[in-house]
Amino acid sequence: MTLNNLNSTRVSFFNKSFAILILLIYLLPIIFNWGNSQMRIHDQLDSYNVFEGLVNSGKVFQTGKNVVIENIMNGLPRDCFPSGYNMVIWLIMLFGATGGFFVNYILVHLIGFVGMLLFLNNVINKKDEYSMNWLVAAAFAILPVNNLAGISLMGIPLVFYTFNNLFLKKKIVLMFGLILFYCVYSSLIHTGMFVMFTVGIAFLILLYNRTANIYFFSGMLMMAASYAFIESNLIHSLVFSSEYISHRKEFSPLLTLNFNGVIGVTLLNITQGNYGSANYLGWPVIALAIGILVYSLLKKESNRLLLIGLCIVFSLGFFITVLDWKGMTPVYNKFHFLESFNLRRFHFLLPVGVFTLLSLCITYLIAKNKLFIIPCISFFAFFSVYNFYLNKKYNSNPGNVTFNQFFSKKLFNEIDTYINEPKQNYRIINIGIEPTPAQCYGFYTLDSYQNNYPLKYKNEFRKVIEGELIKNQKTQKYFDEWGNRCYVSANIESCETNTSCIKNLAINITAFKEMGGKYVFSTAMINNAAELNLQFKKEFFSLESNYVIYLYQAL
């Protein structure tokens, strides 16, 4: 049997098996290790507080301006937390803090696989004789993503599949159900509004071509209405409430790129992806797509779909990058609301675009010659290995901290037992450690990582850390012009006794105590504690933990 006469059934079975093997290799370590899995801290574990903290408060479905989550930032408004109709919240309620996190992790990637497979099989490459779509879907599903955003990214292909079916008037009720599912399992501010914008552009094109129908339009209305209901508290607080002023009002874009920089970063965004959505190996795909287009042009062949896809990918890459161009300053000065809405999040569409290009390229090559099947399969083997590397890099953190080590339940229980006071009677701040673990165990923290909190509180907390901000212009700019991380950022050094220390902590203890502060949880000894009227109480350490915590009390 020659390669040109490859048995499609056997190749299809091999590719399906290979795709499933890729998923198993990716997910089985998570399933077996569970809480002992190493997870990314930045923008992952450090932001788990908004989910678990809300569940622990017992106020998941409560609303109203007077409803607050007491143990975070002296009573943070409920509207600053995820909606009670968010599926990540439901999973934590069903499976607990650890179980909810990892069940969500598994579901996100499985839905990414199924959604991309449905999209490719029904929209992009309907005659997939050799099941190459399975390989593309598997490679897409194991991209490193922020799983706490639910299926914000991984569910986009499913949304496109859904609206394609509405256009074709197929499975109408099921498609409406899938739209609702995406809305409850995704984030409006991460991808929702950008997906709706994309679908809206598609609808305008259909209108222009006189092929739009009521089902497609109804799907758009349903998505908008679902998000409006699910995120009604957030929308009201940010858009319609005159009483609530978010710290986002003082956001200032970091415009660092000249025009040459825009071109360079555009290419990086397209070929490597974006940390905020997903990193991927894109340059072979882009190079292949351009090569095929050049070949098609020389052969005078029409390859309109690939050309459109490539133009969309480059346009997206350029748009999200030009937002950081210094020449955008007049635009931001005139339209201040752009500073609060992160339009760069259009980058969530880039991975979907690049993997769609990959499918189009493979379809073209195999249609030209079946000899390309084996190189394509070999490429996916390499592609998958590289994605495993990207995941390892994404989830890496200093000290190789696991989920259980990050939260260190036993250690924080020991601190609670030692203090022996009702937690609501005092406030703490954390130095050298994320406030998330303390918050999840019920400690009342003045510091926190929040995407939305009152500007008034930011100004109050700034008085506590002003001395540290003065030391470092970069840290000051980071807090004043962004400030989602309302932290004490101190310089931790190695001392002569082989312990970590802070030689000269500059915080305002008076302001700290005025906010209710009493204890400091620090991963380093504070050398000038006496000068600050901080009394060292005890050192806490556990073999199950990655921390050494020094407890100080403000006198």
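## An open sheet

In what order do the four strands of the open sheet lie? The order is β5-β10-β13-β12, and the pairing among these strands is mixed. At the edges are β5 (427-431) and β12 (534-541), each of which pairs on one side only. From one strand to the next, the twist averages 25 degrees. As you explore, keep in mind that this is a predicted model.

For a look at one pairing, turn to strand β10 (residues 517-522) and strand β13 (residues 548-554). These two pair in the antiparallel sense, over four bridges. You can find a bridge by locating Tyr519, whose partner in β13 is Gln553. As background, strands of a sheet pair through backbone hydrogen bonds, either parallel or antiparallel.

## A helix across the sheet

Now find helix α17, which spans residues 409-419. This helix lies across β10, β12 and β13, and it runs at about 140 degrees to β12.

## The whole protein

Stepping back, the protein has 21 helices and 13 strands. Its C-alpha atoms fill a box of roughly 80 × 50 × 50 Å, taken along the principal axes.

How much of the protein is buried? Of the 555 residues, 54% count as buried. The protein exposes about 25400 Å², and carbon and sulfur atoms supply 61% of that area. Contacts also reach along the chain: among those between residues at least 6 apart in sequence, 74% join residues at least 24 apart.

## The cysteines

Which cysteines form a disulfide? Cys495 and Cys501 do, with their sulfur atoms 1.5 Å apart. The count for the protein comes to one disulfide. In general terms, a disulfide is a covalent bond between the sulfur atoms of two cysteines.

Both partners can be checked against the cut-off for burial, which is under 20% relative accessible area. Cys495 has 18% relative accessibility, so it counts as buried. Cys501 is buried as well, because its relative accessible area is 1%. Cys361, by contrast, is in no disulfide: the nearest cysteine sulfur, that of Cys376, is 9.3 Å away. Cys361 counts as buried because its relative accessibility is 0%. Another cysteine to visit is Cys183, which counts as buried at 1% relative accessibility.

Key. Residues numbered from 1 in each chain as written. Predicted model: local features only at pLDDT ≥ 70, side-chain atom pairs only at ≥ 80, totals over all residues. Heavy atoms only, no water. Pairing = 2+ DSSP bridges. Axes fitted to C-alpha atoms, helices over the stretch in contact; angles between N-to-C directions. Contact = heavy atoms within 4.5 Å. Buried < 20%, exposed > 50% of the residue type's maximum accessible area, 1.4 Å probe, protein only. Areas by Shrake-Rupley, 256 points an atom, 1.4 Å probe, with all protein chains shown as cover. Disulfide = S-S within 2.5 Å.
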